[in-house]
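Good morning, colleagues. I shall present one structural model, beginning with a helix and then turning to the cavities and the ligand.

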Amino acid sequence: MCGIVAYLGDKQAYPILINGLRRLEYRGYDSAGVALLNEGALTIHKCQGKVSDLEAHVNGHGHQGTLGIGHTRWATHGPPNDINAHPHQSTSGDLALIHNGIIENYAPIKEELRSRGHVFHSDTDTEVLVHLIDDIQRSEGTDLAESVRLALESVVGAYAIVVLDRKNPDMMVAARKSSPLVIGIGEGGEHFIASDATPIVEHTRNVVYLEDGEIAVIDRQHGLKIRNIKNQVKTPFIQELELHLEALEKGGYEHFMLKEIHEQPRSIRDSLRGRLNTATGEVVLGGIKDYEQKFVQAKRILIVGCGTSWHAGLVGEYLFEELARIPVEVEYASEFRYRNPIIHEDDIVIAISQSGETADTLAAIELAKGRGATIIGICNVVGSSIARVTHAGSYTHAGPEIGVASTKAFTAQVTVLTLMALMIGHKRGTISGGRFHALLNELDAIPAKVEAVLRNEAQIKYIADIYKDSTNALYLGRGFSFPVALEGALKLKEISYVHAEGYPAAEMKHGPIALIDEEMPVFVIATKGPSYEKVVSNIQEVKARKGKVIAIVTEGDTVVQGLADHVIPIPETPEPLMPLLSVIPFQLISYHIAVMRGCNVDQPRNLAKSVTVE
Ligand code: M6R
């Protein structure tokens with residue numbers, strides 16, 4: 001979604017802003033813009049399209065200044081076009097503002113401001129903010145920071161903003177509510193602001209994460225000062241970034257998605273490190289230690305998430321039921337938050353989110369928290385909003401995921417859920433000591449088995465080439481493999497724009513079987529396990545209708561080999577761990593089909609990496 005970058009220092013701001021906007025491209029956007037202050041003049045450049053289009057638009061003119069703001073917009077209110085792109089400017093021409101989030105009560109504010117002579121140009125909700133701040137400055141005679149604070153008092157919604165004022169060429173003001181902002185503190189008084197740390201890390205490792213309801217004022221003379229919306233002074237808490245620049249580069253791969261698929265042996269290992277000890281037969285999750293007993297005694301677990309994180313949650317349901325014998329309900333955060341769900345004080349709610357910023361998941365957490373449940377987070381981004389609002393949690397150590405399609409985050413989430421379910425099951429005595437130890441050893445062996453699956457990429461690419469022109473695809477799995485079928489279908493949809501559906505294999509005959517003909521590829525997870533024979537029957541049903549079957553099988557399988565059009569063998573592992581292996585061929589198939597179809601793999605159309613609006 002939208003991205004923010006801002007700079008105040010003694011260097012030229014424009015190259016820093018452009019580089020920062022490039023770092024933010026992964027979030028998904030459809031227009032970009034910058035505003036620069038130089039010698040009393042405020043210059044704004046903005047246009048629909050990519051950061052490269054913005055550069056062409058600027059074309060070496062009007063890009064001077066050591067103070068500037070930049071933005072990538074993901075359209076919500078009004079289509080992607082030059083006028084709706086940020087920054088937006090006040091009628092007086094003095095103020096420029098960039099904004100992430102949504103101003104819910106923008107319509108009445110706009111009406112009121114119009115009646116007071118402010119001229120609106122765009123369809124955006126954002127534009128009301130810049131006129132409102134300008135209006136307050138003029139009518140109240142307040143300075144920029146106080147005008148921002150007063151304006152935000154009357155705003156309902158989510159925002160991260162940065163504002164410049166032509167009359168204050170040494171200052172920028174930023175504020176956040178429900179949309180993240182990070183401030184980087186560099187050398188010699190230079191400061192950076194960004195919606196995430198990716199544009200900052202190459203300049204400084206010292207950062208301050210702005211809290212909800214805080215307003216930061218950065219000026220050349222006094223540096224960084226923070227107040228909250230109630231005008232109370234806050235002390236900035238400076239932290240060191242854990243992010244490393246190499247993690248934001250492609251490292252020789254053609255796309256981030258491919259790099260991230262290949263990083264999975266490492267990211268799963270990192271998610272296990274220090275937590276799984278096969279020698280002592282222990283699982284230690286330090287982040288949830290204080291809530292372990294509550295977890296062990298839980299009568300019910302609710303899991304909330306969106307998209308791929310929701311799919312990981314479904315795997316979690318199978319894991320907790322199988323290993324810890326606790327009833328589990330998995331909820332789309334977006335549905336959960338608007339129902340009137342029954343939540344008990346002894347419920348454990350697991351919130352799963354790669355970004356830790358997904359608006360619906362955050363709202364679902366707030367709802368469950370308000371009703372007294374204990375919230376455990378599984379997040380990838382350290383210090384993210386979800387990581388901060390949950391009672392406890394375990395980070396997935398997948399490293400930054402830049403490709404919009406989630407890959408290594410999914411396997412890291414499933415890894416952490418597996419550790420949790422094993423630990424809780426062991427403590428509850430719902431799995432035998434023998435099975436517990438065997439599963440620990442098997443889990444420890446997963447990264448090496450993922451490496452083995454990845455070595456099969458050439459064959460997977462060959463299959464992708466055969467089916468690259470298909471317009472529909474079906475993904476089938478049973479038990480632990482059902483969520484993987486959903487995830488496989490989502491991957492194909494989001495990056496190749498091929499219509500795909502995931503189903504529990506047995507459901508096929510209740511409807512989707514009508515779609516099957518000789519054109520239809522059907523991807524089936526047919527690994528050895530309790531439902532193997534049933535899945536073999538489902539494959540036969542597809543073949544009887546001339547569908548094309550691509551089956552993921554356990555190494556050495558000959559039965560499915562004889563039935564399917566193609567088989568992709570993967571190493572043997574117990575059924576609860578199978579999703580960590582069976583998802584990999586689906587990720588690779590989607591990746592290669594998308595590349596062969598000429599799609600923008602890392603930034604698929606219409607999609608955003610972190611969905612910070614509901
Ligand atoms: O950051 P989150 O895990 O909360 O994001 C949830 C979904 O938006 C995300 O998983 C989305 O479905 C991905 N594009 C899937 O690849």
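Helices and strands here are DSSP runs numbered from the N terminus (helices H or I, at least four residues; strands E, at least two). Before I go further, please note that this is a predicted model, in which local features need pLDDT of at least 70, side-chain atom pairs count only at pLDDT 80 or more, and totals for chains, interfaces and linings use all residues. Residues are numbered from 1 along each chain as its sequence is written, and side-chain values use heavy atoms, with hydrogens and water left out.

Helix α19 itself covers residues 579–596, which is 18 residues. From first C-alpha to last, α19 reaches 26 Å, close to the 26 Å expected at 1.5 Å a residue, where the expected span is 1.5 Å times one less than the number of residues. Of its 18 residues, 16 are buried, so α19 is largely enclosed by the rest of the structure; buried means under 20% relative accessible area, with a 1.4 Å probe and protein chains only.

I turn to the cavities. A search of the whole structure finds three of 30 Å³ or more. A cavity is a set of points, on a 1 Å grid over the protein atoms alone, where a 1.4 Å probe fits but cannot get out, and lining residues have an atom within 4 Å of a point. A volume is the space filled by probe spheres set on the points, which are joined across faces, edges and corners.

The largest cavity holds about 110 Å³. It is lined by 15 residues, of which C2, W74, T76, H99 and G101 are the closest to its centre. Strand β6 (residues 95–103) gives the most to this lining, with three residues.

The second largest cavity holds about 90 Å³. Its lining includes R478, K528 and E575. The elements that give two or more residues to that lining are β25 (521–526) and α17 (532–544).

Finally, what surrounds the ligand? There are 15 such residues, and the closest are S309, S353, S355, T358 and E494, a residue being near if one of its heavy atoms lies within 4 Å. Oxygen atoms of the ligand also lie 3.0 Å from a backbone N or O atom of T308 and 2.7 Å from a backbone N or O atom of Q354. For T358, a side-chain N or O atom is 2.4 Å from an oxygen atom of the ligand.

Conventions. Buried < 20%, exposed > 50% of the residue type's maximum accessible area, 1.4 Å probe, protein only. 1 Å grid on protein atoms, 1.4 Å probe; cavity = no way out; pocket = protein on both sides within 12 Å on 5 of 7 lines; lining within 4 Å. Polar contact = N/O pair within 3.5 Å; in protein donor to acceptor, adjacent residues only side chain to side chain.
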